[in-house]
Amino acid sequence: MIPLEPLREIAEKCVRCGICQSVCPVFAEIQKESAVARGKVTLIRKLLLKETGYSQKLSTYLLQCLGCGACSENCPNGVKADELILAARALMVEKRGLSLPKWVFLRGILRSVYLLPLLLKTGSLLQGLLLKKIPEESGLRLRFSLPYLDKDRFIPTTANPFFLDRYSEEVKAENATGRIGLFAGCSINYLFPSVGESTVRLLIRNRYSVAFPKDQACCGLPAYGSGDIETAKSLAWRNVEAFDRRDLEQIIVPCGSCFYFLKEGYLKLFPNDEKVRAFSRKMVEPSTFFLKQMNRSPQVNRSQDEHKKIRLTYHDPCHMRRGMKIYQEPRRLLQQSPEIEWVEMKQPDRCCGMAGSFNFVYYDLSRKILKRKIDDIEATRADCVATSCMGCLIQLKDGIHQRKLDTRAVHLVEVLEKAFPKGE
Amino acid sequence: MIPMAQENNGRKGYCDLDKNLVRQIEAIVGKENVLSSIEDLICYGYDATNLEVLPGLVVFPNSAKEISQILILANKNRFPVVPRGMGTGFSGGSLPVWGGVVLVTTRLNRILEVDTENLIAIVEPGVVTGDFQKEVERLGLFYPPDPASQLYCSLGGNVAECAGGPRAVKYGVTKDYVLGLEVVLPTGEIIETGVKTMKGVVGYDLTKLFVGSEGTLGMITKIILKLLPLPDARKTAMVLFRDVEDAATAVSRIISSKIIPSTLELMDHASIQCVEDYLNMGLPKDAGALLLIEVDGDREVLPKYMAKIDEITSGLNRLEMKIAENDEETQTLWKARRALSPASYRLNPTKMAEDITVPRTEIATFIREARKIADERNLKIINFGHAGDGNLHTSIMIDEKNGDEKKRAEEAIEEIFKLTVRLGGTLSGEHGVGTTKAPYLHLELKHDAIEVMKKIKSVLDPNNILNPGKIFKT
């Protein structure tokens, strides 16, 4: 049972001033009170007061939120609306259960050790039938529209083999100075192994041996975001155990959303668990980690010859910017590179509209939110837009592909590899 | 249970919104622009006051014509219609207190024209004030009214309530910028008022009648606004005083020295203490008052203004003065003022916020007396606001769960209103009467004046369908 009193306290702090209307990306598109924090907070308060019921409508409205946290960040009264909305989703699941597609995906597929890889392997064999290659990107698009999937949409190729299958349990660096675990997450493991491979090469270059517990699972954030606490807990525990057995001091997580959930979310799932606390402390993410490495052994600056620099901009993932307050680190890191011409986009911390399953349930809305992000990216005339969350990356690739921009969306670690050529 | 407006819906002579009526309204605006689920109704039953009621239906019209059709329907069947912009008002002006249809203007949100030669703009009511300001500033122009909610309130709401803001001391309030309007009358006629020129005296000034009429006389569908050239630069200073009297004297002397600052914000002792406890930013807790002063205009002349202000305030019991040298320092100076709202909720969870206005020279007396009124009733009070124009946000912070605190606060507020009138002031500088101040109208206005207002209302709205239950005690 979810304790209601703390939720009531958060809800009662809202004085309905309406400031959230000025920062909510969803409200900017649909302009209805139910879309914005003060409406949702009011509805949750009424629910807790038992003045309204656990209706389908309420469930729909609760899901119509990116969880980007812009409302909480700007609330003069410190109302943590995003957290309240997540908790209310869990309440809804407790009372009403999950919708059938979500139940199948979260409880059936995501939670199973074998089913997700099996399905994706089968998928990778069949993808040629349904999809055709996008020449300029390592992606696909549909040959015809399907439910939930638009024809023009960028769809990542299923990796073959999966990322974790490309390595043994541990890759040793020459003259290793340290050892680090790697949490891949679903997107890197099944869709973008190149991001994981870049991370591994960077680590090896910095003389770290890398360990890959093969029994790691999905971080659980998709389940948590849908209010399925049970599945989130089961996945979380599997990860805690998997890494615990390897005796590692640090664990690097390239995806910002996974990182946020592993480091912060798990503490909420298991508030007083010492093992989870120790696990959380071990989490590191690339920008902070490599910035520290660089300060330890400054890279040799290549002479600033006539070679063309990469004009680069950076999109702040919500989970990093507002979740972890990490936004200076990637900038400090990238701005040091002799290969990069830095350009800041307007509102780099505005949500891209992906937000996990939000993108599937509200694809049109997600696309409208994305449009503004792509406008801002286009205005920078950057060669590359880097980000550090796999969800954002997929979303940006989709937007750029549909707009037919020359800009490439890449993960931070992929830039780092090029931005700091191996010292002589 | 929710304090149901539905119960009031039965108010004599008004009909319920039955299926048939809903269908007719859907036929006018389109089904997708009508909301009727309980969840949606809850979301349109509040504004920035702490009141909650429940409308019968929420409707998003697309044009003046559609609004006209709805109002004709409302007269024929007699149901209340309540205009709503962004729902950020502080007097309950957009609350459907008698139920009925809430007409939301968010779909009417186009800037129709910005005329850079004649310095006017024509906008629809749903345009967000801050968006409009950004747009005209891009063109080197300036729309000064700056209510605290400028980033999330609408121009239609600003006009209906005659919103003000810190810049009022120099630039005036919304009514000083409205040249003309398109209004749908409660009986459905669409009229145009005013002019597109700086001058115009043909006929009665109906524009001024509708500005500040709180959505009771007509629904505004187009606004012609006057613009100014954008000032070249601005400069900010913060001055702390031993006593609030010194701050008040400073305000008068600055203005009589022929410098009109674009902002002259005051915080009293309790407000300073409250922010300092919250932020620990190093404000002297024994300070009696803080003034935030901003001057704008030609870049060259601003340092001279600041020197003059320095000279004036140094002759008073001043604790310190800081002048911002760049944007960052300006933001730091504004920090205390901006933090006041969240900080105040640490005193108590509910704010009873008023916006009385007194002559500038009476500010110190008002603050002293208001504090006495609160102290006598053992209530927490903070005073802050736009000292330059005497508009003070006197706020009593209460905990409704704490015995009869709410009752005591209501008593105190009535006393504060009486004090305001005694000092030659007005009950509301910029929030409007709405529902929250309706019971006190007679404290300020004479019976005959109220009767004239009621007559105007009944001529324009014979069936009392447009925003009923507002301004006048019922």
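Entry 1, ground rules. I am working with a predicted model, where local features need pLDDT of at least 70, side-chain atom pairs count only at pLDDT 80 or more, and totals for chains, interfaces and linings use all residues. Residues are numbered from 1 along each chain as its sequence is written, with chains lettered from A and ligands numbered from 1 in the order written.

I looked up the secondary structure and found 21 helices and 12 strands in chain A; helices (H or I, at least four residues) and strands (E, at least two) are DSSP runs, numbered from the N terminus. I noted that the C-alpha trace spans about 70 × 50 × 50 Å along its principal axes. Buried residues (20 or more other C-beta atoms within 10 Å of their own, C-beta atoms being placed from the backbone) make up 49% of the 424 residues.

I checked helix 1 (residues 5-13) against helix 3 (residues 37-48) of chain A: they pack at an angle of about 135 degrees, with axes 9 Å apart. Axes are lines fitted to C-alpha atoms over the stretch in contact, and angles run from 0 to 180 degrees between N-to-C directions. I recorded the contact (C-beta atoms, placed from the backbone, within 7 Å) as made by A:Leu7, A:Arg8, A:Ala11 and A:Glu12 of helix 1 and A:Val41, A:Ile44, A:Arg45 and A:Leu48 of helix 3.

Key: Buried ≥ 20, exposed ≤ 12 C-beta atoms within 10 Å, placed from the backbone. Contact = placed C-beta atoms within 7 Å.
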